[in-house]
Amino acid sequence: MDQKNVLHLRGMDDHRLTFEGRADFSEDGGRVDLVCLSHLRWDFVFQRPQHLLTRAARARRVFFVEEPVYGDELRLEVRAREGGVIVAVPHLPHQAHAEPSALLRTLLDQLFAEHAVREHVLWYYTPMALDWTRHLAPLAVVYDCMDELSAFKGAPPELREREAELFRRADLVFTGGRSLFEAKRNQHHAVHAFPSSIDRAHFARARRPQADPPDQANVPRPRLGFFGVVDERLDIELLEALARARPLWQFVIVGPVVKIDPGDLPRRPNIHYLGAKPYKELPAYIAGWDVATLLFALNDSTRFISPTKTPEYLAAGKPVVSTPIRDVVRPYGDLGLVRVAATPAEFVAAAEEAMAEDGAARVRAADEFLSRTSWDETWSRMWGLVEGAVSARRGAASGPREGRAAAGAVAAQAAP
């Protein structure tokens, strides 16, 4: 296979990439690359991986390798995104759908060769990527477990088995919330909870007077808004009940519809589906809402979620009403920062209270709470743990060269 016909590079020259800060823990004084394997598309929704990895890219090369796209040709599309992350999208022929691992491994090896990826950390969001990355010899393996993927609609039946293997191989496991930490902490020796954090300055823009986005400008008030992925986690029965109970309230839903039939969504004159919006535009939408909502169903797919939108709504200065999602109740509900409602009647009452309140005290309390965290701080703490994991691997060896070889052997043979 001719590598020049397979590996396509657009929008970047990695020889001209610049980085902030000091060098990493590479033994030769160079920089350590981070290679992320993800089930999420980089350009889909700006969420936890994007927040973390754009910060990682300030000091090192970050390769974000997506799951394959199937078509008529074999190639690897490689492009730099804003923020410096290098996104690699494998394109495989349709006939490879049943057994894609060998081709994915070939494309990944070519990516490593083309970009001279040597000392690196593997950062997994999907355990399914183990099928084509077992041969790699990273300095450390991280599993950032942001959701209970096995509970999601369409999850592969072998996902639990792959996750168990990833637990055996990983040096560190991070969880996207407290309840997920409690579920995973006995499955690995180094599990750390890193709940959803916040880019406060970005969402604080919603507090400024500003014009409505054009597709929201003609929606009457009051407005109750939701942004996020519209999938099996959205409580469409609750949305229907609320819209029916308060026909003068306007429900604004911002986000892409995936994994569910759009025809199953409730359709009423006071429900407005505005579709997906860029991350940079979200504050302008929230600015025009009277109440921000977390309209999550209580089911297997939401049992362990820690919605990133909770602190984002609070940073925007909006009152928030949520269904009783565990990682919203703790800590936001317990601290009085979010109103929690379990039934449509309770949700209506909570929204009425929110619209009638003098929110100054709530905003001050939310600001004080949010001042304790940021995505910058979260990333710094995570990478500090990664540095410690690499040092621990090297400390188990008798010398620098032996340490590097031992680290590779651990990654390749960690599974019993």
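In the predicted model, the charged end of Arg60 is placed over the ring of Trp383, at 4.0 Å from the ring centre.

Aromatic pairs number 14. In one of them, the ring centres of Tyr143 and Phe167 are 5.8 Å apart and the planes meet at 75 degrees; because planes over 60 degrees apart count as edge-to-face, the pair is assigned to that class. Tyr143 belongs to strand E8 (residues 140-145) and Phe167 to helix H4 (residues 159-169), so that the pair links distant parts of the chain, 24 residues apart. Both Tyr143 and Phe167 are buried. Phe203 and Phe227, by contrast, form a stacked pair, with 6.2 Å between centres and 10 degrees between planes. Phe203 is located in helix H6 (residues 200-204) and Phe227 in strand E11 (residues 223-227), and the pair therefore ties together parts 24 residues apart in sequence. Phe203 and Phe227 are likewise buried. They belong to one aromatic cluster, together with Phe46, Tyr279, Trp289 and Tyr313.

Helix H8 spans residues 236-245, and its buried residues are Leu238, Leu239, Ala241, Leu242 and Ala243. The cover over these buried residues includes strand E12 (250-254), strand E13 (271-275) and helix H12 (344-356). At the start of H8, the backbone nitrogen of Glu237 lies within 3.3 Å of a side-chain oxygen of Asp235.

The structure contains 0 disulfides. Cys36 has a relative accessibility of 0% and therefore counts as buried. Cys145 is also buried, with a relative accessible area of 1%.

Notes. Residues are numbered from 1 along each chain as its sequence is written. This is a predicted model: local features need pLDDT of at least 70, side-chain atom pairs count only at pLDDT 80 or more; totals for chains, interfaces and linings use all residues. Side-chain values use heavy atoms; hydrogens and water are left out. Buried means under 20% relative accessible area, exposed over 50%, partly exposed in between (1.4 Å probe, protein chains only). Helices (H or I, at least four residues) and strands (E, at least two) are DSSP runs, numbered from the N terminus. Contact means heavy atoms within 4.5 Å. A polar contact is a pair of N or O atoms within 3.5 Å; within protein, one must be able to donate a hydrogen and the other to accept it, and residues adjacent in sequence count only if both atoms are side-chain atoms. A disulfide is a pair of cysteine sulfur atoms within 2.5 Å. Rings of Phe, Tyr and Trp (its six-membered ring) pair if their centres lie within 6.5 Å; planes under 30 degrees apart count as stacked, over 60 as edge-to-face and the rest as tilted. A charge sits over a ring if NZ of Lys or CZ of Arg is within 6 Å of the ring centre and within 35 degrees of the ring normal.
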